[in-house]
Amino acid sequence: MRDPKRVAVLISGRGSNMKALVEQASGYEVVLVACNKPLAAGLQWARKQAIPTWCWDSRGVDKAQWETALDEALQDHRIGIIALAGFMRILSPEFTKRWAGRVVNIHPSLLPKYKGLETHKRAIEAGDSVAGCSIHIVTEELDAGDVLAQVEVPILPGDTPESLEERVLEAEHQLYPKALAEFVAR
Ligand code: GRF
């Protein structure tokens with residue numbers, strides 16, 4: 001039986017949001033870290049914490065096959081909710097439909113602004129005075145599902161995409177665990 005408190009975090013890289021979700025878990029537990037990049041730093045960290053991991057290099061692999069294998073791992077671990085955290089692969093419509101309402105993502109912009117990549121650069125170039133991050137439900141349309149929580153981060157004079165990214169990331173680490181706890185308890 002799927003248990004909403006049993007969370008799988010999907011990553012592709014550094015995994016700093018995954019780490020925040022693990023370290024600040026409340027009302028949920030990260031019981032699986034799944035990854036599509038064998039050398040992802042986040043995967044090494046999860047292994048060191050003895051969190052069960054699943055990884056299959058997705059390069060050159062048929063998406064349906066890869067997702068079927070992921071689904072099996074999710075079922076084996078009785079996962080109720082999937083939290084995407086820097087997972088750089090677009091999930092298929094079949095997968096998002098199967099998991100409808102049970103997959104959340106963190107995106108480094110104030111959605112619906114700046115879907116996709118290079119969010120900080122685009123916010124600075126547009127002359128915005130605030131940036132931020134959003135937690136949203138994952139649907140088949142990229143970065144378009146209902147927003148569950150957001151936090152604003154001011155854009156300061158002289159900010160570069162890198163300096164802004166650093167401050168937004170700190171806000172992400174505070175927002176995601178809180179938003180996930182509320183989502184699980186809803
Ligand atoms: C974060 O900025 C997140 O918002 C975006 O990808 C980045 C992942 O960073 N989706 P990390 O792997 O969690 O450190």
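Where is the place of Ala50? Ala50 sits in the loop between helix H2 (41-48) and S3.

## Basis of the model

This is a predicted model, in which local features need pLDDT of at least 70 and side-chain atom pairs count only at pLDDT 80 or more, while totals for chains, interfaces and linings use all residues. Residues are numbered from 1 along each chain as its sequence is written, and side-chain values use heavy atoms, with hydrogens and water left out.

Helices (H or I, at least four residues) and strands (E, at least two) are DSSP runs, numbered from the N terminus.

## Backbone exceptions

Most residues other than glycine have a negative phi, and most peptide bonds are trans. Ala50 has a positive phi, near 65 degrees. Its relative accessible area is 65%, so Ala50 is exposed. Exposed means over 50% relative accessible area, buried under 20%, and partly exposed in between (1.4 Å probe, protein chains only).

The loop between S5 and H5 holds Glu118. Phi of Glu118 is positive too, near 55 degrees. Glu118 is exposed, at a relative accessible area of 52%. Pro112 also belongs to the loop between S5 and helix H5 (119-125). The peptide bond from Leu111 to Pro112 is cis, with omega near 15 degrees.

## The sheet

Seven strands form an open sheet. Their order is S3-S2-S1-S4-S5-S6-S7, and the pairing is mixed. Two strands pair if DSSP finds at least two bridges between them. Strand S3 (53-55) and strand S7 (147-154) stand at the edges. Each has a single partner strand, so one side of each lacks a neighbour in the sheet. The twist averages 20 degrees from one strand to the next.

Strand S1 (residues 3-11) and strand S2 (residues 29-35) run parallel, joined by six bridges. Leu10 stands opposite Ala34 in S2.

## Helix H6

H6 lies across S1, strand S4 (79-84), strand S5 (103-107), strand S6 (130-137) and S7. Relative to S7, H6 runs at about 155 degrees. Axes are lines fitted to C-alpha atoms, for helices over the stretch in contact, and angles run from 0 to 180 degrees between N-to-C directions.

Ala185 lies in helix H6. Its relative accessibility is 64%, so Ala185 counts as exposed. The C-alpha atoms of Ala185 and Tyr28 are separated by 8.7 Å, yet these residues are 157 apart along the chain.

## Helix H1 and its partners

Helix H1 (residues 16-23) packs with helix H6 (residues 161-185) at an angle of about 45 degrees, with axes 9 Å apart. H1 and H6 are therefore oblique to each other. Angles under 35 degrees count as roughly parallel, over 145 as roughly antiparallel, 65 to 115 as roughly perpendicular and the rest as oblique. H1 contributes Ser16, Asn17, Ala20 and Leu21 to the contact, and H6 contributes Leu169, Glu172, His173, Tyr176, Pro177 and Leu180. Contact means heavy atoms within 4.5 Å. The contact of H1 with H6 has six nonpolar, three polar and one charged residues. Ala, Val, Leu, Ile, Met, Phe, Trp, Tyr, Cys and Pro count as nonpolar, Asp, Glu, Lys and Arg as charged, and the others, Gly among them, as polar.

The axes of H1 and H2 come within 9 Å and cross at roughly 25 degrees. That makes H1 roughly parallel to H2. Met18, Lys19, Val22 and Glu23 in H1 meet Gly42, Trp45 and Ala46 in H2. This contact of H1 with H2 has four nonpolar, one polar and two charged residues.
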